[in-house]
Amino acid sequence: MFNLKINNIDVTVEEGSTILNAAEKIGIKIPTLCHMSLDCFDVENRTGSCRICVVEVANRPNLAPACCTPVVEGMEVKTNSIRAINARRTMLDLLLSDHPKECLTCAKNGNCSLQDLAAEMDLHHVMYEGAMSKYEIDLASEAIVRDLNKCIMCRRCETACNTMQTVGILTGANRGFEAVVSPASGKSLTETKCVFCGQCVSACPVGALSEMNYKYDVWRAINDESKTVVVQTAPAVRVAIGEELGLEAGEIATGKMVTALRMLGFDKVFDTDFAADLTIMEETHELIERVKANENLPILTSCCPGWVKFFEHQFPELIYMPSTAKSPQQMFGAITKSYYAEKIGKKPEDIVVVSVMPCLAKKYEASRPEFAPNGVRDVDIAISTRELGDMIKEAGIQFSKLDDSEYDNPLGESTGAAVIFGASGGVLEAALRTAADWLTNEDLKDIDFEAVRGLEGSKEATVNVAGLDLKVAVVSGLGNARKLLERIKNGESEYHAIEIMACPGGCLNGGGQPYIHEDTSILEKRKEAIYREDSGKEIRKSHENPYIKQLYSEFLTEPGSPLAHKLLHTKYEARENV
Amino acid sequence: MIKDANGLIDYTEALKNQSSSELKLYVSMGTCGIAAGTTPVLNKIYQTIEEKNLKDIIDVVEVGCMGLCHSEPCICLENKETNEKVYYGNLSEEQVVQILEAKFDTELAGAKVLNKTWNTPEDEEISDQIQTRIVLRNSGVINPEKIEDYVMRDGYKALAKALTEMKPAGVVSEIELSGLRGRGGGGFPTGRKWQFAASQDADQKYLICNADEGDPGAFMDRAVLEGDPHSVLEAMVIAGYGIGADKGYIYIRAEYPLAIKRLEIAIAQAEELGFLGENILGSGFNFTIELKYGAGAFVCGEETALIHSIEGKRGEPTFKPPFPAISGLWGKPTIVNNVETFANVAAIIRNGADWFKSIGTEGSPGTKVFALAGKINKVGLVEVPMGTVLRDIIYGLGHGIVDGREFKAVQTGGPSGGCIKADKLDTPIDYESLKALGSMMGSGGMIVMDEDDCMVDIAKFFLDFTLEESCGKCTPCRIGNTRLHELLEDICSGNGTMETIEKLKTLSAAIKDTALCGLGQTSPNPVISTLNNFYDEYMQHVDRKKCPAGVCTKLVSYTINDKCVGCTLCARNCPVSCISGERKELHHIDQSKCIKCGVCYTACKFHAIDRT
């Protein structure tokens with residue numbers, strides 16, 4: 001333990017703590033910008049590059065960045081000396097002098113740390129105006145917009161992409177004033193192995209990275225008389241949307257959200273959870289087949305488009321391992337434009353499928369050519385939780401005052417197994433619930449597989465089902481996925497089934513979710529809400545969903561049938577590792 | 001392969017006993033010499049020796065830089081019997097023949113004879129020469145591509161002494177006692193740095209030689225590597241032994257091809273003789289050296305950036321602590337020392353800490369190599385004891401200012417240093433005194449300026465360099481220096497106000513106080529020191545909108561006085577045709593069109609054009 005004084009207040013902290021940690025302990029918030037700490041994932045951006053957090057330390061010739069200066073015994077720190085205040089204001093001034101001050105029209109308006117700092121420090125004008133960076137905005141991808149004119153070189157995106165996700169496409173480029181974070185050789189994201197997980201967007205404290213915005217396309221579709229517009233909502237959206245609209249984190253907003261979607265003007269409000277149940281039917285069928293034949297094991301889940309793109313680029317030799325089942329989003333689209341279209345007597349091109357996703361990679365997934373049979377996309381527009389929140393606000397809907405309502409049928413009914421797709425471990429738990437029943441031919445009651453729940457990056461369990469020891473693992477975060485995949489490649493793993501999600505913690509922490517601003521306790525609350533929703537459901541196993549049963553009996557016949565294969569399965573392609 | 005210390009003694013004796021010719025002819029084959037045309041001179045020497053059949057009397061030694069850059073191509077003729085040496089400079093091929101024929105009859109030779117201005121305390125009696133060569137002792141004396149030449153000059157003797165007579169801790173403490181300080185600029189005590197790494201308990205430690213010399217106008221390290229590469233290799237093995245590292249890297253900029261070539265040769269020779277590799281001199285100690293090439297980024301001279309560059313990452317500094325001595329290359333304890341620092345080590349081990357401390361000042365023992373450049377008569381490389389006064393260097397060694405002009409300032413410490421005024425010329429220089437003058441030792445660049453240099457423009461020039469070379473990582477360096485540069489540009493173009501001056505001051509102070517690495521923290525130094533020392537000149541720009549040195553073109557105006565005879569030469573040469581006037585009548589410059597190029601000023605033969 002070290003004893004030090006901050007602004008003449010005594011504080012004792014553990015060895016290895018920074019001045020920032022110590023100040024926090026006595027209730028002093030030193031402003032930061034480049035520093036990012038996601039404690040529950042053990043991720044820290046500690047570049048010390050913005051210099052906003054500089055403080056005065058006795059007997060030190062220059063100011064010290066609080067975020068990365070370790071405390072030592074007897075240290076005397078002044079956070080609010082005039083020297084420190086002036087330096088901080090100058091740093092902010094300099095950052096603003098090279099930052100487009102277009103806050104009112106910025107995608108991160110209201111979610112920008114630089115904006116907050118300017119307000120907190122009450123900077124009235126920029127003293128050091130001068131030349132500004134000029135970059136073309138990268139609009140090439142379906143998912144992520146890069147506006148480097150707003151980049152402040154905090155490198156948080158780099159830490160998210162390279163350290164946490166190990167996708168590794170972002171790097172500091174150029175020198176001096178031209179320095180910027182970018183893929184190598186100034187490439188657009190579409191020319192790289194970017195998986196569009198969107199963790200960089202969540203990490204970016206300013207508007208340099210944001211999602212590609214499709215709200216207006218949705219408004220146009222809703223207002224097009226000739227189209228039937230159906231919406232599907234992903235499992236993790238219902239436990240997070242409330243944060244955008246005045247509810248407490250962790251409040252389940254399913255019923256209010258359905259009401260709001262109707263008020264927005266969607267013709268049918270359906271649920272991706274229905275398709276999640278369908279995914280379990282197909283994926284579990286595949287799992288059992290592979291286990292019985294003892295081949296192509298382990299089976300890897302394939303619901304997450306970020307993860308899918310990751311292995312296509314970086315582990316093409318394992319391309320036979322993931323389940324061929326499409327993701328719930330795409331299954332929903334395919335069923336809507338076939339089964340449901342037939343039911344309501346519409347042509348697929350006259351139906352617009354809008355999906356609300358916690359994810360940015362879903363925008364990319366929906367645009368993959370194999371998901372547009374005859375040129376008609378199964379999912380026409382994918383928007384994020386944040387975008388839906390914005391639409392509800394724009395429509396003037398007082399969300400917190402809304403009554404609950406139910407999803408429409410037939411594609412709105414779902415089970416507890418489906419809702420847990422939103423948390424890391426949920427897909428595997430849902431599959432185990434069904435697999436256990438199918439293998440034992442019983443209706444098992446003990447269906448909570450606690451070992452695979454939680455925000456930890458890597459979990460594993462051995463589950464005895466009908467005398468069979470199923471070894472399963474769950475990883476979330478692509479950095480954790482890489483470690484496991486390397487083990488698989490080296491023949492060091494003996495798992496039967498593995499769930500992999502690109503985002504740490506799973507979809508509840510997706511790149512399209514409301515920004516948590518490093519407050520990871522919010523993720524814990526979302527997770528609890530998801531399992532609360534599950535345990536409150538009458539039906540908690542996918543194969544017991546009555547509308548799923550109906551879908552098979554009326555249309556698909558059985559899991560793994562030729563029609564199921566045509567509509568609900570896909571294949572993967574090896575992509576360049578650049 | 002030399003098996004042990006005795007083997008080295010025998011080998012050295014055998015080399016010394018070899019018969020040599022009556023005369024030795026040293027030919028300066030460093031990059032500076034080659035660039036100035038030494039190669040044809042050398043060819044002519046070989047040709048003449050062949051033709052005149054002088055092979056038995058003259059040995060030709062191709063050496064590195066002698067430090068006489070102002071007089072390249074140059075050679076030195078030595079009489080082995082009398083030890084008499086004559087230096088010839090600015091040689092032509094024709095003169096070579098005469099010199100070889102005349103031998104020591106310098107008048108007959110008709111070539112320019114140069115004075116030797118240095119003393120090498122290891123080899124000669126102390127004299128009153130201004131220069132004292134420890135680092136450059138072998139440079140210009142031995143053939144850097146022949147390990148035998150180095151060994152004959154007591155090369156690898158220090159290594160043998162360290163490995164056989166000293167414990168690792170003894171090596172570290174000897175360096176610590178010597179007071180040797182880092183010559184790369186920071187001046188941190190080398191022995192103490194080694195001590196940090198030596199006290200680390202680690203399975204692997206690394207040693208890095210920083211040869212990423214990047215200051216504009218600095219070429220000390222290049223001269224050492226080209227002229228005496230083994231001195232660095234020997235020191236690295238000694239340091240490795242001291243701190244417990246068995247792997248060394250030399251991080252050298254790829255723009256130094258000759259230094260790289262000579263290092264490669266030297267490493268191969270040292271490996272062959274057993275000074276590098278396994279069980280060196282039978283001691284059981286192993287050490288290998290690998291070259292790593294830098295891509296020319298100035299910031300990679302900063303030790304953490306350098307380490308990242310070797311690791312294959314973007315060359316940008318990271319926050320210290322942890323210091324590399326604790327956690328450096330690949331997370332292992334790593335010592336980074338500069339070329340010149342290493343070049344002192346063998347001499348210290350050979351002669352002892354007390355000997356080293358007898359040279360230089362108490363706080364800064366030893367010598368420092370400076371690269372003299374700018375408006376000075378004798379541009380070149382000099383090595384002086386710490387504490388030498390600036391005047392002795394600039395006037396004694398550099399022979400004063402070109403064309404007898406007035407000395408205005410000297411910039412030391414490269415782009416991170418500051419400008420020192422004439423009234424401080426009698427300051428004895430060491431790390432502390434330069435810092436007190438608002439400058440720094442830096443790596444040893446010394447750029448001399450005269451009355452034609454505008455100090456605002458000079459500050460802008462150095463900042464230009466920093467802007468180009470900043471890695472752009474931290475806010476103050478990336479944006480702050482850009483804004484500083486813009487403020488200077490405002491002043492130079494006549495848009496400066498008192499507010500601009502105030503902003504320059506406060507922003508410079510903020511950058512110094514907040515930047516992440518040494519490059520950023522020192523980048524405003526040229527601005528601060530010129531503001532402090534040449535405030536009047538700034539005020540002339542701001543108040544009167546005039547540049548006294550006539551450098552800032554936007555503040556200069558050209559007018560024609562009544563000395564004009566109407567020859568029309570100026571009008572005919574003016575690129576924008578803004579000069580009018582009839583033949584034989586007074587001409588006139590249209591100020592609204594004048595681009596201030598100065599062509600008329602140069603063209604006029606009657607001093608009829610005033611520049612104000």
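**Figure 1. Asp122(A) in the loop between α3 and β8 of chain A.** In this predicted model, Asp122(A) occupies the loop that runs between α3 (113-121) and β8 (144-146) of chain A. The backbone of Asp122(A) has a phi near 55°, which is a positive value in a residue other than glycine. Is Asp122(A) buried or exposed? Asp122(A) counts as exposed because it has 7 C-beta neighbours inside 10 Å, and a residue is exposed if that number is 12 or fewer.

**Figure 2. Leu281(B) in the loop between α12 and β10 of chain B.** Leu281(B) belongs to the loop between α12 (257-273) and β10 (288-294) of chain B. Its phi is near 50°, again a positive value in a residue other than glycine. Leu281(B) has 23 C-beta neighbours inside 10 Å and therefore counts as buried, the cut-off for a buried residue being 20 or more.

Figure 3. The view shows the loop between α13 (303-310) and β11 (334-338) of chain B, in which Pro321(B) lies. Pro322(B) is found in the loop between α13 and β11 as well. The peptide bond from Lys320(B) to Pro321(B) is cis, and its omega is near 0°.

Figure 4. Asn337(B) is placed in strand β11 of chain B. Because 27 other C-beta atoms lie within 10 Å, Asn337(B) is buried. Which residues does Asn337(B) contact, leaving aside its neighbours within four places in sequence? They are Gly182(B), Thr190(B), Cys209(B), Asn210(B) and Phe342(B).

**Figure 5. Crossing of helices α8 and α11 of chain B.** Two packed helices are described by the angle between their axes and the distance between the axes. For helix α8 (residues 168-178) and helix α11 (residues 229-243) of chain B, the axes come within 7 Å and cross at roughly 115°. The crossing of α8(B) with α11(B) is left-handed. On the side of α8(B), the residues that meet the partner helix are Pro168(B), Val171(B) and Val172(B); on the side of α11(B), they are Ile238(B), Tyr241(B), Gly242(B) and Ile243(B). By class, this contact has six nonpolar residues, one polar residue and no charged residues.

**Figure 6. Contact between chain A and chain B.** Chain A provides 30 residues to the contact, and chain B provides 28 residues. On the side of chain A that touches chain B, the elements giving two or more residues are α2 (82-97) and β9 (170-173) of chain A. The largest share of this side, seven residues, is given by α2(A). The residues on the side of chain A divide by class into 15 nonpolar, eleven polar and four charged.

**Figure 7. Domains of chain B.** The division of chain B gives domain 1 (20-116), domain 2 (147-356), domain 3 (367-450), domain 4 (455-544) and domain 5 (557-611). Taken over C-alpha atoms, the centres of domain 1 and domain 5 of chain B are separated by 50 Å.

Methods. Residues numbered from 1 in each chain as written. Chains lettered and ligands numbered in written order. Predicted model: local features only at pLDDT ≥ 70, side-chain atom pairs only at ≥ 80, totals over all residues. Axes fitted to C-alpha atoms, helices over the stretch in contact; angles between N-to-C directions. Helix = DSSP H or I, 4+ residues; strand = E, 2+ residues; numbered from the N terminus. Left-handed = near helix turned anticlockwise from the far one by under 90°. Contact = placed C-beta atoms within 7 Å. Nonpolar A, V, L, I, M, F, W, Y, C, P; charged D, E, K, R; others polar. Domains from an automatic or database assignment.
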